[in-house]
Amino acid sequence: MSSAASSAANVSWDLSDLYAGVDDPRIDADLQSAQERAKRFEATYRSKVGENAAALLAAVTEMEGIYEQMDRSGVYASLVHAARTDDPRHGALVAKPRERRTAINKHLIFFDLEWVALDDAKVDGLLADASLARYRHYLKQKRVWKPHYLSEPEEKILEEKSNTGRAAFMRLFDETAAGLRFTVEGEKEQLSLQQVLAGLYNAERDVRRRSAEALTTGLQANAKLFTYILNTLVVDHRSDCTLRKHADVMMPRHLANEIEPAVVEALMTATERHVGTVHRYYRLKARLLKIDQLEDFDRYAPISAEMPAVDWPTARRVVEESYEAFSPQAGKIVKEFFSRHWIDAELRTGKRGGAFSSSGVPSAHPYILMSYTDKLRDVMTLAHELGHGLHQYLSRGVGYLQCDTPLTTAETASVFGEMLTFKRLKELYPEPKTRLAMLCSKIEDGFATVFRQVTLTRFEQSLHKARHEEGELPTERINELWMAANRPMHGDVVRLTPGYAWWWTYIGHFVHVPFYCYAYAFGELLVLALVKKYEQDGTDFVPKYLDMLAAGGSRPPHELVGSLGVDVTDPAFWELGLKLLGDMVSEAEQLAANE
């Protein structure tokens with residue numbers, strides 16, 4: 001499919017705020033400068049970390065500058081590669097900063113090791129100094145990892161080997177997935193992964209069926225490679241956990257997310273208790289679609305075949321208006337993404353699948369990638385990624401070391417932005433059939449973000465356990481684990497076809513960030529609570545919300561959302577969001593009754 005198949009043709013990003021092109025000499029210059037700075041940093045501060053607050057502040061400030069300078073080229077490389085994974089120059093560019101980063105990090109590793117080795121009394125005295133207030137949380141959080149650091153020579157070896165280890169397999173997965181082509185019965189041209197997945201949203205059931213069959217056939221043809229990649233990365237992750245003395249394979253993710261395991265388990269078990277809400281909705285959907293037995297390829301079928309197409313200019317206007325109505329400041333920032341070409345939305349061969357917002361570096365700004373296909377759901381994707389972009393734009397003020405938030409709160413702004421846009425779309429499309437269809441689509445998004453992400457996490461748990469206990473897993477065994485994890489969510493209401501067993505193969509989160517997925521559920525349920533707070537508090541909520549986004553990761557997540565009156569450590573908290581999803585299903589049932 002060419003870019004002309006979408007109204008977002010030629011909507012591509014301008015990366016010149018980072019570099020002029022893949023041959024820009026500043027890329028090498030920045031990497032060389034960062035390496036020289038790192039050498040001087042080591043010569044200046046080795047064996048002196050913690051001498052006094054002034055020296056510690058100077059060290060952290062310089063280290064932050066080195067990280068940003070060396071990562072600037074890595075950010076740029078990842079963006080040009082995501083936009084065109086089939087260009088060999090882009091793959092080579094990805095490798096260059098990764099390899100140079102390893103060489104640079106060798107001169108920085110000592111800082112973390114010396115910092116965590118200080119006794120608590122010394123650290124408390126240093127952090128009490130007002131001059132270190134900006135970096136206090138960053139430095140405190142470093143100490144959480146104290147039991148999991150290795151010796152400096154060991155850390156350097158792991159860093160050195162990472163480029164030919166995990167990072168290499170991740171790149172292999174990305175390039176393979178981006179290069180997949182699927183033959184759909186009746187289609188003249190082969191389709192990309194994103195295009196064939198789009199077929200699952202088609203109003204015609206036969207199109208959905210043929211898309212699902214083509215997806216399965218294409219994934220089966222590449223299953224041997226995907227199976228090997230996943231097996232390798234799962235055992236690599238356990239090896240890391242063993243070396244670093246993590247009691248459980250999920251612990252590194254919990255520590256990075258700054259969340260207690262009990263909170264995560266409470267979230268997942270509460271979600272599983274409400275799986276009846278999903279079954280109830282799918283029964284309604286079967287009735288609306290006039291289908292006796294829903295199949296897995298029916299889950300995302302539009303309720304109405306007459307859903308309006310939304311071209312790119314309209315999508316831009318709707319999203320801008322949604323954010324502007326919430327906050328003029330937020331609206332102004334969102335408009336910059338469009339006017340300054342920070343979004344890549346056109347369809348093209350070789351483009352990475354999915355959508356993301358890259359935070360970039362604070363001295364520049366975020367960039368968004370998506371593939372716009374003129375569907376109403378694409379408007380929600382655009383709103384979602386712009387929520388991330390808004391969050392990342394605002395948090396630049398706390399600096400590179402703290403601008404990124406843990407995954408548990410990383411989805412807050414994105415899902416909140418979706419809710420703002422959903423409200424606007426309901427106003428623009430008041431016709432009952434369209435409104436019901438939009439509500440159903442939103443419910444399905446909620447299910448995908450809460451129930452499905454918990455399902456994916458349960459699959460990962462079973463996968464890591466089986467790989468440890470049974471050794472290398474054949475594709476058929478992974479398929480069994482995948483189906484077993486998915487059955488409770490779908491019950492007897494949605495029949496999982498035999499081909500569905502292969503659909504784990506294209507999910508990148510299992511490859512890139514083990515146990516990432518529960519953070520989506522956390523974020524969705526958190527946002528449902530925040531939407532209620534916004535409805536209650538009105539405009540008083542807005543500045544507190546924007547302040548929370550601007551804080552980035554400079555404070556613990558529970559403190560950040562606590563400032564908005566939310567207690568995520570209370571197990572009962574999750575029930576609120578899950579009840580709101582149930583209320584949405586009730587609203588859909590009422591609208592359907594009036595049809």
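Modeller: Leaving aside neighbours within four places in sequence, N231 is in contact (heavy atoms within 4.5 Å) with R467, G471, E472, L473 and I478. This is a predicted model, in which local features need pLDDT of at least 70 and side-chain atom pairs count only at pLDDT 80 or more, while totals for chains, interfaces and linings use all residues. Residues are numbered from 1 along each chain as its sequence is written, and side-chain values use heavy atoms, with hydrogens and water left out.

N231 belongs to helix α11, residues 223–243; helices (H or I, at least four residues) and strands (E, at least two) are DSSP runs, numbered from the N terminus. The relative accessible area of N231 is 3%, so the residue counts as buried, a term that means under 20%, with exposed over 50% and partly exposed in between (1.4 Å probe, protein chains only).

C241 is likewise buried, with a relative accessible area of 3%. Its sulfur is 16 Å from the closest cysteine sulfur, that of C517, which is too far for a bond. The structure holds zero disulfides, a disulfide being a pair of cysteine sulfur atoms within 2.5 Å. C403 is also buried, at 8% relative accessible area.

D296 sits in the loop between β1 (294–295) and α15 (312–326). Not counting residues up to four places away in sequence, D296 touches V494, R495, L496, T497, Y500 and W503.

Next, the nonpolar cores, each a set of buried Ala, Val, Leu, Ile, Met, Phe, Trp, Tyr and Cys residues joined through side-chain atoms within 4.5 Å. The largest has 156 residues, and those with the most contacts inside it are F111, W115, L139, L386 and Y545. Helix α2 (residues 53–83) supplies the largest share of this core, 15 residues. Apart from this core lies another, of 43 residues, with W503 among them, as well as A212, I229 and I507.

Last, helix α27 (residues 573–593): its 21 residues should span 30 Å at 1.5 Å a residue, and the end C-alpha atoms are 31 Å apart, which agrees. The expected span is 1.5 Å times one less than the number of residues. The buried residues of α27, including F573, W574 and L578, pack against α13 (261–273), α14 (275–289), α20 (432–449), α21 (451–470) and α24 (518–537).
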